[in-house]
Amino acid sequence: MATTTCKPTSYICFLLLLLLLHFNLGKSQLEVNYYSSRCPRAEDIIKEQVTELYKKHGNTAVSWLRNLFHDCMVKSCDASLLLETVEEVVSEQASSRSFGMRNFKYVKSIKDAVEKECPMTVSCADIIALSARDGIVLLGGPRIEMKTGRRDSQQSYATEVESSIPNHNDSMSLVLSRFQQIGVDLEATVALLGAHSVGRVHCTNIVQRLYPQVDETLEPEHAQYLKRRCPDPNPNPKDVQYSRNDLVTPMIVDNNYYKNILKHKGLLTVDEELATDPRTSPYVKKMADDNDYFNQQFSRAILLLSQNNPLTGDQGEIRKDCRYINRNAT
């Protein structure tokens with residue numbers, strides 16, 4: 001069978017090869033136990049902080065998982081998500097895609113504890129990755145061996161958030177395309193959406209399936225339950241109006257999510273499409289039947305996500321305060 005190859009003189013081909021080399025080089029420079037000699041207690045300190053925060057505020061573990069998704073989907077796993085608006089920096093947190101995200105203030109608690117042990121050594125990007133890893137365990141999910149060695153971006157990518165992170169009403173084709181662009185395959189995408197097994201969804205993101213008419217794909221009794229949770233067709237985004245993703249195991253990362261969406265009890269349009277699209281439904285059924293299989297694929301998916309185009313070596317910086325690039329930090 002004939003194959004198509006790039007000609008050495010092709011400028012476009014040359015650029016593509018450079019981009020591919022850059023992408024793979026960053027991933028290859030990440031390593032397990034990166035801080036073993038640089039800051040031996042780094043991962044233990046992060047785990048201790050994540051655990052303490054979980055005991056006080058259980059929803060922080062869900063936040064760490066969502067942080068990883070929102071950071072790594074936009075350009076790179078580089079902690080650009082954590083930057084606040086100051087001077088020339090516009091925060092990614094201001095995007096509508098970041099609606100409902102919280103607990104950013106506790107990232108500072110983790111960073112401060114690490115800085116006390118090893119100043120200017122552990123990146124905020126690695127704190128995002130490791131806190132997600134430890135948060136998943138606290139939520140009953142699998143233990144994932146996470147590579148480290150990421151560095152922090154010196155800019156925000158606020159203008160790219162909406163074109164990088166899928167919306168809950170996007171088509172399945174678009175959702176799959178977004179993940180494929182960062183190297184997450186179809187099976188891994190189905191597994192990543194299993195993160196919807198924990199946490200909650202604000203009524204703002206549910207009501208379009210309830211009003212003015214109930215989405216006919218919703219299981220009728222579940223639709224009535226959601227209407228009781230979200231009685232206002234135009235909820236105030238600042239009000240605490242929400243529904244749990246999973247009513248049975250709401251704070252456990254497990255395969256119950258897939259069982260729910262096969263019964264048409266998903267909260268978001270993307271949940272329903274995941275269960276019914278012929279490309280994804282076979283994996284949904286397999287994960288619903290086998291929690292071990294889900295855990296295996298979820299672990300693989302988290303690793304793929306967490307290694308998206310990282311800054312390594314002398315790229316970026318190690319921020320002193322995760323909220324600001326170093327030249328803006330006080």
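Which residues are buried in helix H11 (residues 269-276)? They are Val270, Asp271, Glu272, Leu274 and Ala275, where buried means under 20% relative accessible area, exposed over 50% and partly exposed in between, with a 1.4 Å probe and protein chains only. This is a predicted model, in which local features need pLDDT of at least 70 and side-chain atom pairs count only at pLDDT 80 or more, while totals for chains, interfaces and linings use all residues. Residues are numbered from 1 along each chain as its sequence is written, and side-chain values use heavy atoms, with hydrogens and water left out.

- Helices (H or I, at least four residues) and strands (E, at least two) are DSSP runs, numbered from the N terminus.
- The buried residues of H11 pack against helix H7 (172-181), helix H8 (186-192), helix H10 (256-262) and helix H12 (281-289).
- The largest nonpolar core holds 85 residues, of which Tyr258, Leu274 and Ile302 touch the most other members; such a core is a set of buried Ala, Val, Leu, Ile, Met, Phe, Trp, Tyr and Cys residues joined through side-chain atoms within 4.5 Å.
- Helix H5 supplies the largest share of this core, eight residues.
- Leaving aside residues up to four places away in sequence, tyrosine 258 touches Val190, Ala191, Leu193, Gly194, Leu274, Val284, Met287, Ala288 and Phe294, contact meaning heavy atoms within 4.5 Å.
- In soluble globular proteins, nonpolar side chains tend to be buried together.

**Pockets**

- Pockets and cavities are found on a 1 Å grid over the protein atoms alone: a cavity is a set of points where a 1.4 Å probe fits but cannot get out, a pocket is an open set with protein on both sides within 12 Å along at least five of seven lines, and lining residues have an atom within 4 Å of a point.
- Grid points are joined across faces, edges and corners, and a volume is the space filled by probe spheres set on the points.
- The volume of the largest pocket is about 1,200 Å³.
- Its lining comprises 45 residues, and Arg66, His70, Phe99, Arg200 and Val201 lie nearest the centre of this pocket.
- Two or more lining residues of the largest pocket come from each of helix H3 (60-73), H7, strand E1 (200-202), strand E2 (242-244) and helix H13 (291-306), and H3 gives the most, with eight residues.
- By class, the lining of the largest pocket has 24 nonpolar, 14 polar and seven charged residues; Ala, Val, Leu, Ile, Met, Phe, Trp, Tyr, Cys and Pro count as nonpolar, Asp, Glu, Lys and Arg as charged, and the others, Gly among them, as polar.
- Helix H9 (residues 220-229) provides the largest share of the lining of the second largest pocket, three residues.
- In that lining, three residues are nonpolar, three polar and five charged.

**Cavity**

- There is one cavity of 30 Å³ or more, and the largest cavity holds about 30 Å³ of space.
- Asn245, Tyr257, Asn260, Ile261, Lys265, Gly266, Leu267 and Asp271 line the largest cavity.
- H10 gives the most to the lining of the largest cavity, with three residues.
- The lining of the largest cavity has three nonpolar, three polar and two charged residues.

**Disulfides**

- The count comes to four disulfides, a disulfide being a pair of cysteine sulfur atoms within 2.5 Å.
- Cysteine 39, in the loop between helix H1 (11-28) and helix H2 (42-56), pairs with cysteine 118, in the loop between helix H4 (104-117) and helix H5 (124-138), so the link ties together parts that are 79 residues apart in sequence.
- The sulfur atoms of cysteine 39 and cysteine 118 are 2.1 Å apart, and the torsion about their S-S bond is about 90°, so this disulfide is right-handed.
- Cysteine 72 and cysteine 77 form a disulfide with sulfur atoms 2.0 Å apart; the torsion about the S-S bond is about 130°, so it is right-handed.
- Cysteine 124 is joined to cysteine 322, with an S to S distance of 2.1 Å, and this link is left-handed, with -95° about the S-S bond.
- Cysteine 124 lies in helix H5 and cysteine 322 in the segment after H13, 198 residues apart.
- Cysteine 124 is buried, with a relative accessible area of 0%, and cysteine 322 is buried at 5%.
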